[in-house]
Each structure stands twice: as structure tokens, then as C-alpha cells.
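Reader: I have the coordinates open. Take me through some local geometry, one question at a time.

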Amino acid sequence: MPRSRWKHAFSGLAIAAMLWGSWPSVRAQEAHSETFATPQVAAAAPERLALWPVSARARQSDPLLEARVAAIVSRMTLEQKIGQMTQADIRSITPEDVRRHYIGSILNGGGAWPNMQRRASPADWAALSGAFYTASMSTDMATQVPIIWGTDAVHGHNNVYGATLFPHNIGLGAARDPDLVQRIGRSTARAARATGITWVFAPTLAVVQDQRWGRSYESFSSDPALVRDYAAHYVRGLQGDLNAASDVVATAKHFLGDGGTFRGADQGDTRVPLSDLIATHAQGYYGALEANVQTVMASYNSWNETGAGERGVRMHANRYLLTDVLKGRLGFDGFVVSDWNAIEQAPGCRRTSCPDAINAGIDMVMVPEDWLAFIRDTVEDVRRGAIPMSRIDDAVSRIVRVKLRSGLFDANPAATAAAMPADAIADAELAREAVRESLVLLKDDRRVLPLRRGIRLLVVGKGADSLSLQSGGWSRTWQGTENTNEDFATGETLLTAIQRTIGPERVTYSETGAGINVRRFDAVIAVLAETPYAEMRGDIAFPATLSHSARYPEDLAALDAVSGQGVPVVTVLYSGRTLFANDLINRSDAFVAAWLPGTEAGGIADVLFRAPNGRAQHDFTGRLPFAWPRTPCDSVGHGARFQIGYGLSYARQRRVGRLPEALAPCAQ
């Protein structure tokens, strides 16, 4: 079956105008945006809701399902209902706690494993899942309601020892292959079910506008049309029809505007008019809703429509967007889950009590450690009238509806996991294919690629033999910084892949390249890398530059040690974003943006080297998902060195030449 490749010819704004025919009215409304003090006030204006196109998938109510939901909820006590709205981390709760307090959900945060064993097996995960499920079905409720376990499986089942890690979303965006994305979603769902987990916190649908953000690699692209298409395919891959043993509940996150924060600050302020919010940041959610996504995670960021004032309304307290738009206008009938302790950031709230967030539309509250106090305080909030019982009933109905739809009432997930094949968490060939497709060739002025197999090769750079550096954040742990190669039971580094490809006797490795006689070799491969990071810690705070060498001078030093000596140098860069790298590109005869490829770096070797018969075995097909900066201060793509969609191949060449290296401080 031929692989479909999605070609985007229009920007998100043009697509929005073409499909909806509402762009003129959006622009007209934007001109009068000053009449609305905040998005909260805007909720009362019906004409504002009309600017949001309805979802292409109309809500289809199932009377039998709705009757069953209503019957279950009607027999719950207030305490049982609040328990269902509570999500706790597995490190702070036991199965007995779940039984006693009617807990609706658990999660494993990054770096949380069964019994805190880093190398817990799929059977260990499934056993814990089974224990929590059995406890949830052993309460004194009139109708037993099963617990649902969620996990951040964002590039494969990345918390689990031995699971294959796929390229992060930025690399998948470079691949321009929605069919590939759907197959990765299917593989990830199968891996999750093999460990007894039925809910995945993916995909991230941020349309990142500023590469300073430390979560840029979780975004497919700055093109909202590509994100919309990928969202639909990824959700279909994860959820299937929600009736198979290999299906999981998907999560569209983080609603809304997380990728548009001012200067890329994590959890920051998204300063855009309503027209941009719709045409850019909401597009992925239209795709996810078309694919029937069952859960949406609210974002930490705020939305500041006018750009004035210190900060807009926090998304967790934004009734206009969560309820009026998402649940009302767009017809979403699944449930909205909060992010980690995010309710405490809403004004006047604590992590154990936030009527404003629940009233705004949060249905399930992620309170990892303080879940018991949350139940107590929220029960009191309802009794004192701060939260209407109708809102509680709606939230619990949504949670029960998703649990019924996903088959949780029908079987213990541990039993399903036991029936899965032993290798269900591994999918190396698919990951290797994804790596090949994600690579973007920025430069090959001397046409040194693909390399012959019979050469003597020097490999330098700290990234060459590090599964941690090539996998990045959200890999085995939250930030990904605590790992060594021994923490990955599968995969291969690029060094290992090169040795396998041309023979270890032809390869010499030196991390720094210092003291090596480069002229003894026919070619050099330098593997440079950002160190792993995730949210918050990955931000490049303004006014720091996006210069890779400014943050990682050791990479420039390694290139200086081997370049300019008459031996061709091929540089492979692992990064979670596009970076200013003119100095590195100038010292390289060929330069490859490899993003964060995950565990299967063999896909890189597949493209860099010729086949045994001397022919190119795989060409470069990746295209930039974000603009590559022209200056070290250009984090938003206004002055691109290489435009979005740029990418060379063996068949399609362009001379890059020498690039300017002068650095200047970013204007305050």
C-alpha cells in the first residue's frame, strides 16, 4: 500500500479562510476586541462563539450509553463523585487508598515506575495496574466504576525499560508523513496496553511560535495545517475505534495556546487576538476532535487577547475556552483533565481547592500528592455552594462516559496485558523508518554524501555514543538527564550503528577529537547535541541567544579539532529546536539536522552510507518543520536562514556557502 504524503500548500490562516469563509468576520471582530475586557467577559457574547467553526465531527449521542451514565452517576454520593474527579500519582497512593476514597484515576509522572524500580518489566507494570483496577472495583459504591491510568507516552512508551523510543514530534513534523504518525500512534497504544495502561497523554498539539520554549520538540510544526492533519492521524492511531485490546484513550494537549507564549516562556502568557487563537493555536484540536479524541488536557499558559496588562486569564480558569468553546461550540463530550498541580496557579486557588477551575470546565483534577486534601476541600466547596452540584454531575458524567466508551467496565487491563505478545513494547523497525524520514539535510556543498562503506572513518562528538542525548527529555525520566546507556534495554547509538554498517575495524571514536591526526582518515562524522531537557528547564530565557555554541562550546571545539584539514566533515546535530549554528555549518562539508531521534539511530546510518553495492540506499526526504534562524536572536522565524519546508536531498542540491558568524547580544 503506497504511503500517503501530505503536502501543505497553504498556511494555517489561508486554510482557515478557505474552509470556513469566516476570515473577514474574524478580522472585523478583532478590530473591536477592546470592547471585551477579558476572555471571561467575552463568554457572554454569542457572536464571539460564532467565530469558532463547528467541528467537522458532529456529536452523536447514544441514548443507551447516556442512560447508563446517568444511572451510574445518580447512585453516587458526593464523596464518590469527587473521588472520581481526582487523579493521583502512583508514588503517593496505594490500591487500598483507591478503594477507600473512590479514586477515579492515577498517573505515573516522568520517572515514576512500579515500586520505583527503573527496570520494572511490562509484567510488573501490568500487575500494579491490575491491583489498582481490582481495588477500584471493590468499593461500596452502588455501581463499581473502574479506575483509569494515564501516562506521558509522548514518543513511544517512554517511561518503560525496554520500550522503543520514536523521534520526538519535531522530527515527525520534518517527515511530512501522516501515515507514519498514525502507525506510531498504533504502536504506542499497543505498548501501553502491554503494561496495563489504557490512557496516553498524547499528542501535544502546540503550534510553537518561539523556539526559546523548552517544549518546542513536542510540537510537530509551526504550520497549523500540518499540526491539524497530524492530530487526526495520531489520535486515530492511539484510539482506533476504542473497541480493541490494543486501543488506548488519547489526550489532545495542552489547550490552548501553549506554543504561543511571549518569548517562549514555559507556562507563560499567550498574547494573540482571537483570530490568531482560532487560525493558529486551535487547529490541532479540530483535527483531534475529527478523530473523536476522548480527553483534553488544559494548559498552564494564559491567554491575553489584547496583549495589554500583566497577564491574561489562566487557561485552567478560562470558562469561555474550556466550556463555551470546547464543550459548547465544538461539541466535545469527553472530559478535560488538568495538568500537574496546575489549578493552584489560578488566582485565589490552592492545589487542594479551586472552585474557579472546576466551574470553568475542568472535569478531572491532577493532584499528584495532595489528592486526599483535595477531596476533602472540594467536598466542602460544593457544600458551601462554591461549586454547583450540576457542574459536579456533568464532570463525573463525562468521566464515566469515557470509561464506558473505552471498555474499562468490561475487563481488567492487566488481563488484556497478559494476552499481549512479549515484544509488544518494542518496534525498532518502525522507529528506524521514522528516523530516516525525519532527517533534514541543510548542507552538502561538496557532495560528500552518501559515504562509501570501505572508508577509514573518525567519529567525534559527545552525541555519538549516547542514547540519552539522542533521545532527549521525556525519556525514561521527566527531564531525561539522569540516564546512561545502561538505562535503555533496546536501541543503538549512532556510533554503534556506524560500526555495524561499515565494520568496527574501520571506525575510530574520540569524543573531543583532540590530538588525532585527522589526515589518517577518509572522512569525519561529528555528532553534536543539546543535553536533554523538558518543560521549564529547557527554556532559553530571553535575552540569551539561540547560538548552540554559546551553550555547548565543547561541540564547537570538537569541530575545530577536525575541520579544515582536507578531510570531509559530516556533522549530525541532535536538537529539540532549530538553532543558530552558522559556525558549526561553516566547519562542516555536510550538515544534518537529526532532531531527537530516539533509540534507533541506525536510521541515520541508513541514510549517511551507501548500500553494499555502492548505491545510495535511502535519500534525505525530511523538510524543516520550523524556520531555521538567520541570527542568534531570531527565535520566531522572521529572518530565516532556511525557511520552513527547506531540505536538500541527493537529487536536489543547493550550495549554502559560508555563513556569517558574528554574534551580537539580543536587544532588550
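Author: A salt bridge here is a side-chain nitrogen of Lys or Arg within 4 Å of a carboxyl oxygen of Asp or Glu. Keep in mind that the model is predicted.

Reader: How far apart are the closest N and O atoms of Arg 391 and Asp 363?

Author: The two residues form a salt bridge. Arg 391 lies in helix 17, while Asp 363 sits in the loop between helix 15 (355–360) and strand 11 (365–366), so the pair ties together parts 28 residues apart in sequence. Both Arg 391 and Asp 363 are buried. Their closest N and O atoms are apart by 2.5 Å.

Reader: Which residues do salt bridges with shared partners join into one network?

Author: The structure holds 41 salt bridges. Some share partners, and one network formed that way joins Lys 327, Asp 363, Arg 391, Asp 394 and Arg 398.

Reader: Arg 587 also forms a salt bridge with Asp 560. How many residues apart are they?

Author: Their closest N and O atoms are 2.5 Å apart. Arg 587 is in the loop between helix 24 (582–586) and strand 17, and Asp 560 is in helix 23 (residues 553–562). The pair links distant parts of the chain, and the separation is 27 residues.

Reader: Are Arg 587 and Asp 560 buried, exposed or partly exposed?

Author: Buried would need under 20% relative accessible area, and exposed over 50%. Arg 587 has 22%. Asp 560 has 40%. Because these values fall in between, Arg 587 and Asp 560 both count as partly exposed.

Reader: What separates Asp 179 and Arg 183 along helix 10?

Author: Their side chains meet in a salt bridge, at 3.1 Å from N to O. Asp 179 is partly exposed at 24%, and Arg 183 is partly exposed at 29%. They are four residues apart in helix 10 (residues 178–193), which means a separation of about one helical turn.

Reader: On to helix 5. What length does it reach from its first C-alpha to its last?

Author: Helix 5 covers residues 63–74, twelve in number. At 1.5 Å a residue, 16 Å is expected. The span in the model is close to that: 16 Å.

Reader: How wide an arc do the buried residues of helix 5 cover around the axis?

Author: The buried residues are Leu 65, Val 69, Ile 72 and Val 73. They lie on the same side of helix 5, because their arc is only 95°.

Reader: What covers that buried side, and which exposed residues are on the face turned away?

Author: The cover of the buried residues includes helix 6 (78–84) and helix 17 (389–405). The face turned away carries the exposed residues Pro 63, Leu 64 and Ser 74.

Reader: Which side chain reaches the backbone nitrogen of Leu 64?

Author: Look at the start of helix 5. A side-chain oxygen comes to within 3.1 Å of that nitrogen, and it belongs to Asp 62.

Reader: Now the backbone. Asn 115 and Trp 595 have a positive phi. Which is buried and which exposed?

Author: Asn 115 has a phi of about 55° and is in the loop between strand 2 (105–108) and helix 8 (122–136). Trp 595 has about 60° and lies in strand 17 (residues 590–595). At 69% relative accessible area, Asn 115 is exposed. At 1%, Trp 595 is buried.

Reader: What is omega at the cis peptide bonds of Lys 253–His 254 and Phe 255–Leu 256?

Author: Most peptide bonds are trans. His 254 lies in strand 5 (residues 251–255), and Leu 256 is in the loop between strand 5 and strand 6 (269–270). For Lys 253 and His 254, omega is about -5°. For Phe 255 and Leu 256, omega is about 10°.

Methods
Residues numbered from 1 in each chain as written. Predicted model: local features only at pLDDT ≥ 70, side-chain atom pairs only at ≥ 80, totals over all residues. Heavy atoms only, no water. Helix = DSSP H or I, 4+ residues; strand = E, 2+ residues; numbered from the N terminus. Expected span 1.5 Å × (residues − 1). Buried < 20%, exposed > 50% of the residue type's maximum accessible area, 1.4 Å probe, protein only. Arc of directions from axis to C-beta. Contact = heavy atoms within 4.5 Å. Polar contact = N/O pair within 3.5 Å; in protein donor to acceptor, adjacent residues only side chain to side chain.
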